[in-house]
Amino acid sequence: MTANERSAGPPQASSAPSGGSAVHAVTSVGATYSLELKDLRKSFGKTEIIRGANLKVAAGERVAIIGPNGAGKSTLFNLISGRFEPSSGQVLLHNQRIDGKKPFEINRMGLSRSFQITNIFPKLSVFENLRCGVLWSLGYKYTFLRFLADLDDANERAEELMAMIKLEKKHDVLATNLTYAEQRALEIGITIAGGASVILLDEPTAGMSRSETSRFINLIKEVTVGKTLLTVEHDMGVVFGLADKIAVVVYGEIIAYDTPEAVRADQRVQEAYLGSSVADAQAGGKA
Amino acid sequence: MTKKFYEFKPYNVGRWLLWTLYALLLVVAPLLFKSSLALTMLSQAGYLVIICLSYNILLGQGGMLSFGHAVYAGLGSFLAVHAMNMAAKGSFYIPLSLIPLVGGLSGLFFAALLGYVTTKKAGTTFAMITLGVGELVFAMSLMFPEFFGGEGGITTNRAYGKPFLGISFGPQIQVYYLIAFYCFVCTAAMFAFTRTPLGRILNAVRDNPERVEFIGYNTQRVRYYAFIIAGFFAGIGGGLAAINSEIVTAEVVSGVRSGSLLLFTFLGGATFFFGPIIGAGLLVLALILLSELSMAWLLYVGLIFLFMVMYAPGGLASLIMMNLRVASFGKLRELWVGYLALAVTALVTLAGAAAMVEMVYHLQLNTALGAELGFMGIRLNALNINSWLGAGFVLMTGLGLFELTRRQFLRQWGDIQNEIEKEIRRRELV
Amino acid sequence: MNLEFFTISLLNGLSYGLLLFMLSSGLTLIFSMMGVLNFAHASFYMVGAYIAYSTSQVIGFWWSLLVAPLLVFAMGAAFERFCLRKVHKFGHVPELLVTFGLSYLLLELVQLVWGRSAVNYLLPEGLQGPLFTVFGTNFPKSRAFIMLISMVMLASIWLLLTRTRIGLVIQAALTHPETVEALGHNVPRVFMLVFGGGAALAGLAGVIGGNTFVTEPAMAGSVGAIIFVVVVVGGMGSLSGAFLASLLIGLIQTFAVAMDQSLITLLARFSYAVTPETFGYPLLKLTISQVAPILPFLFLVLILIFRPKGLLGTREG
C-alpha cells in the first residue's frame with residue numbers, strides 16, 4: 001500500500017524500500033515534507049533524553065512510532081507539538097519552523113495532537129466538546145458578540161464530526177459520563193476537529209480490548225484520510241495494520257524509518273528490542 | 001439543520017417563563033415588601049447580584065479564583081461618585097441613569113490594566129496575585145486622598161440635575177427601580193455571554209486548559225478577556241452602589257470585601273448561572289439581618305462555608321438542582337421525612353452551639369449588665385455552670401442525633417439515585 | 001542617611017525579614033509537599049501569639065515557646081485530617097477555599113475568646129531591653145532573639161529534610177506520592193505531619209513575634225498578604241527564593257518606613273521648586289514612608305512582568 005492509493009493531497013513523495021542502513025526514505029528531489037525533525041535534542045537537566053532525532057515525513061503518510069519503554073517517544077511528541085521546547089535542533093511543519101513556538105501557535109499552523117491520558121472537556125457535552133474544537137479554525141476567535149447557536153457552520157461541522165466518530169446518539173451526554181472507548185473516540189474527534197493536516201496520536205488505543213482496538217483502528221483510518229498521521233503505538237498488530245512507515249526510536253534517536261517489512265527485517269531494530277543474540281538467531285531463521 | 005434545532009429545545013418555554021418571572025419579581029418586590037428596611041435590602045441585593053454574577057464569570061465559568069474582585073467594583077464606585085460630583089458642579093454633565101456605565105467603563109479600564117499582569121499565571125498563583133493587587137490598590141487608597149477621600153471617603157448627592165418626568169432619583173424607590181433595571185439587563189447580558197464562543201471556550205479553559213491550547217486558543221488571552229468583561233460588570237455594580245449609598249470609602253476595595261464576595265458567591269453556588277443571585281441574596285440577609293441577631297454571625301457564616309466546601313462544593317444552587325432532579329423523577333416526597341429530621345437535629349445542634357457562643361460574647365462584652373442574658377426566650381447565666389452544662393448537653397445531643405439522621409438520609413439518597421439511574425437507562429432503551 | 005540609621009535599619013530589617021521567612025518557609029513547605037496554598041497560614045501565626053499570651057501567664061514565656069507551637073501543630077494536623085483531606089479529591093481550588101474558610105473561622109474564634117482589641121502580650125524579663133547599643137540607638141534583645149530562633153529553625157528544617165529518613169520520605173512524597181505509598185509509607189499521615197509542622201512554624205513565629213510586635217486580631221491580615229507576596233516573588237515552591245524575598249522585602253519595608261523624602265525633596269536637590277499647582281503634585285508629594293505599605297505589592301507586580309518565574313523559582317504555575 002503506497003501513499004498514492006489514498007485520496008489526493010499535496011504532491012506525494014515516492015518512497016523506495018531502503019536496504020536497512022539508510023535512516024530516511026529516498027525521495028524525489030524538491031518534495032516538501034509535512035513534518036521534519038532536524039537533529040532534535042532535548043535535555044532535562046543533565047540527562048539528554050532526545051539525542052539528535054532526524055525524521056522526514058511526507059504528506060499523507062501514516063507513520064507509527066515504536067520503541068522500547070523510555071526511548072523518548074512521548075517526549076518527541078511533546079517536542080513536536082510545542083509542549084516542551086527543544087534544547088537544540090529544528091522541527092519543521094510544511095517547511096516552517098515550529099520549534100520554540102507555543103502549542104496554540106503550532107495548532108493554528110496545521111498540527112493537532114491527542115493525548116495518552118484522555119484529555120477532553122469533562123463538564124461539556126459531546127457536541128460542545130467538538131464544537132469547541134472547530135471554533136478557532138472557522139475564524140470565530142475570541143468573539144463574544146455572536147451566539148453559538150447562530151454559528152451554522154460550526155454547528156454543522158460539529159454534527160459531521162459526531163457522525164464520523166459515531167457518537168451521534170450521545171449528542172448531549174456530558175463527556176465525563178461516556179465510556180472509556182467513547183471518550184477516546186471523542187478525543188480523536190476533538191483532535192481532527194480543527195482540520196489540521198498533520199495529526200499526532202499518542203497511544204490512541206491504550207487500555208482498549210482487542211475488539212475495541214480493531215474498531216478504533218478503522219475509525220482512525222476513516223477520519224485521517226488525506227492527512228499526515230503519526231501515532232505512538234505499542235500494539236504491533238495496530239502498527240502493521242495501520243502504518244505505511246515505521247519509525248523506531250531507541251535511546252532518543254530514530255534508528256530506523258522504513259516500511260513495516262523492512263523494519264521487521266532490520267537487524268538493529270531486532271537488537272534494540274530483543275537483544276543481539278536473539279537477533280542473530282532470528283536473522284538465521286528468517287524467511 | 002436550522003437554528004431552531006439547536007436553540008429551541010423542549011424546555012425553551014421554561015426559559016422564557018423564568019426570565020419573565022425574574023423581571024416580574026424585580027418589578028413587584030417593593031410592592032410586596034413595603035418597609036423601608038426591605039427597600040434598602042432589595043436595593044443592595046440588586047447591585048450585589050450584578051457584582052456576584054460578574055465574579056462568577058471568573059470563578060464558576062473560568063475556574064479563576066480571585067481574592068481581589070472588589071477592586072473593580074470599588075474603583076467603579078469611586079469613578080462614578082467623582083462623575084456625579086463633576087456633573088453636579090456643572091463641569092461635565094452626565095444624567096444619573098448613565099452613571100453606572102461610567103462605573104462599568106472604569107471597571108473595564110482597570111481590569112484591562114491590572115488584568116494583564118494578573119492573568120499571566122493561572123491557578124493558585126493567580127489567586128495570590130489577585131490578593132496582592134487587591135492589597136496594592138487598598139494600600140494606595142491612603143496615599144491619594146484626593147481620589148479616595150481619605151478616612152471619610154467621598155460623598156455625593158444623587159439628586160443632581162433637573163428631574164426628568166418627575167424622576168429626580170432622590171427617593172429610594174426610584175433608585176431601586178434604576179438598580180432593578182440594570183440588574184435585569186446585566187443578568188441577561190452575562191447570561192448571553194455564556195452562550196457565545198468566548199464564553200464557551202472560557203468553560204473549556206476551566207475544564208482543561210492544556211487541551212484548549214491544542215485546539216488553537218491562547219488560554220492566557222481567553223482569561224484576560226474574561227477578566228476584563230468581569231471587571232466591566234463589576235464596575236456597573238459599583239456605580240449603582242455609589243448611587244445607592246451616596247458615599248464611597250476606601251473600604252470598598254478592601255480584601256474584606258473581596259473575601260465576602262468569594263464567600264457568598266460560593267455559598268450561592270458557583271457551578272450554576274443563577275447561583276450567585278442566591279449568593280447575593282444571602283449576602284444581604286447576612287449583612288443586614290444576621291448581624292443584628294448575633295455578634296458571632298461571621299463565625300457561623302465561616303462554619304457554613306467550611307461545610308459547604310467539604311460536602312456541597314456546588315453551593316446552594318447545586319443542592320436545589322439535585323433536589324429538582326429528584327423531584328422530576330417523582331421521588332422527592334420520599335425524602336421529606338429525612339429532610340425534616342435533618343433540619344430539626346441541625347437546629348438543636350445550632351441552638352446548643354449558639355447558646356455557648358452567645359454566653360462567651362456576653363461575658364466578654366456586657367459584664368456591666370450582669371451575667372444573665374436572654375437566649376431564645378430562656379434566661380441563661382453566663383457565670384453559672386448549669387447554663388454551660390445545659391448548652392453543652394443540647395449541643396452534644398443535637399450533634400449525635402444529626403449524625404445518625406445524616407447517615408440514614410445518605411443511605412436513602414443513595415438508593416434514590418440508584419433508582420433514578422435505572423430509570424434513565426430504561427428510558428434510553430425505549 | 002547616616003550610619004546610625006543605616007545600621008539600625010539594617011538590623012531591624014533583617015530581623016523582620018527573618019520573621020517573614022519563618023512564616024513563608026512553612027507556607028512554601030506545605031505548598032511544595034501538598035500543592036495546597038494554606039490561606040490560613042497567617043491565622044496560625046496569630047493563634048500562636050494568642051496561645052502564648054495565655055500560656056505564658058501560667059507557665060511563663062520560655063515554656064510557652066515549646067507548648068504553644070505544639071498546640072498549633074495539633075490544630076493544624078487535626079484540620080488536615082478532618083477537613084483538608086476531604087476536599088483533596090476536588091482539586092486545588094477547593095483546597096484553597098477550605099483554608100480560606102479556616103482563616104475566617106480562626107479569626108472569629110480568636111475574637112470570641114480574647115476579644116477584639118489588642119492584648120498585652122509582654123516580653124519576658126530575659127528579653128526586655130537592649131542587646132547592644134550602636135551609635136546611640138538600642139538594638140532590642142527581642143529582635144535579636146527573633147533572628148536567633150529563625151536561624152535555628154531554618155537549620156533544623158534543612159537538617160530534617162536532608163539528613164533524616166522522614167525527611168527523605170517527605171522529599172519523595174513531594175513528587176511521587178503514589179510510589180511512596182506503594183513502598184509502604186503512610187502518605188496521608190506524612191501530609192498530616194507536614195501540614196501540622198508548617199502550622200507549628202507559623203505558631204512559633206507568632207510566639208516570638210507577638211510580643212515583639214503587637215498581638216491583635218488584625219495581625220493575621222496585615223502579614224498574611226505579605227507572605228503570599230514573598231512566596232510568589234521568591235518563586236513558588238523555592239525555599240531559597242522565599243529566604244531571599246523575605247530578606248529583601250523585610251529590608252525594603254524597614255528602610256522605607258523611616259525615610260521621609262519624597263520626589264519633591266529629590267527635585268529640590270536640583271533646585272526645582274514644586275508647588276501645589278504643579279502637575280502631578282499628589283504623586284510628587286508622597287514621601288517614601290507613605291509609599292512603604294505598597295512596596296511589597298509593587299515588587300510583586302514588577303516581578304510578574306519581568307521575571308514571572310520568581311527570583312529563584314523552578315516550577316511553573
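What follows is a conversation about chain fold, chain contacts and confidence.

Modeller: Please keep in mind from the start that this is a predicted model.

Biologist: How many residues of chain B count as buried, as a percentage?

Modeller: A residue is called buried if 20 or more other C-beta atoms lie within 10 Å of its own, and 46% of the 430 residues of chain B count as buried.

Biologist: Which elements and domains make up chain B?

Modeller: Chain B holds 17 helices and four strands, and it is divided into domain 1 (3-315) and domain 2 (329-429). The C-alpha centres of these two domains of chain B lie 33 Å apart. Among contacts in chain B between residues at least 6 apart in sequence, 79% join residues at least 24 apart.

Biologist: How do you know which chains touch, and which pair shares the most contacts?

Modeller: Two residues are in contact if their C-beta atoms lie within 7 Å. Two pairs of chains are in contact, and of these, chains B and C share the most contacts. Chain A and chain C, on the other hand, do not touch, and their nearest C-alpha atoms are 12 Å apart.

Biologist: What does chain C bring to its contact with chain B?

Modeller: On chain C, 37 residues are in contact with 37 residues of chain B. Helix H4 (92-114) of chain C is among the elements that give two or more residues to this side, and H4(C) gives the most, with twelve residues. The residues on this side of chain C divide into 30 nonpolar, five polar and two charged.

Biologist: Where in chain A is confidence lowest, and where is it highest?

Modeller: The mean pLDDT of chain A is 81, and 84% of its residues reach 70 or more. Confidence is lowest in helix H10 (residues 276-285) of chain A, at a mean of 52, and highest in strand E6 (residues 111-113) of chain A, at 92. Over residues 1-29 of chain A the pLDDT is below 50, although this stretch has 50 contacts in the model beyond near neighbours in sequence. Where pLDDT is low, the predicted coordinates should not be read in detail.

Notes:
Residues numbered from 1 in each chain as written. Chains lettered and ligands numbered in written order. Predicted model: local features only at pLDDT ≥ 70, side-chain atom pairs only at ≥ 80, totals over all residues. Buried ≥ 20, exposed ≤ 12 C-beta atoms within 10 Å, placed from the backbone. Nonpolar A, V, L, I, M, F, W, Y, C, P; charged D, E, K, R; others polar. Domains from an automatic or database assignment. pLDDT = per-residue confidence, 0-100.
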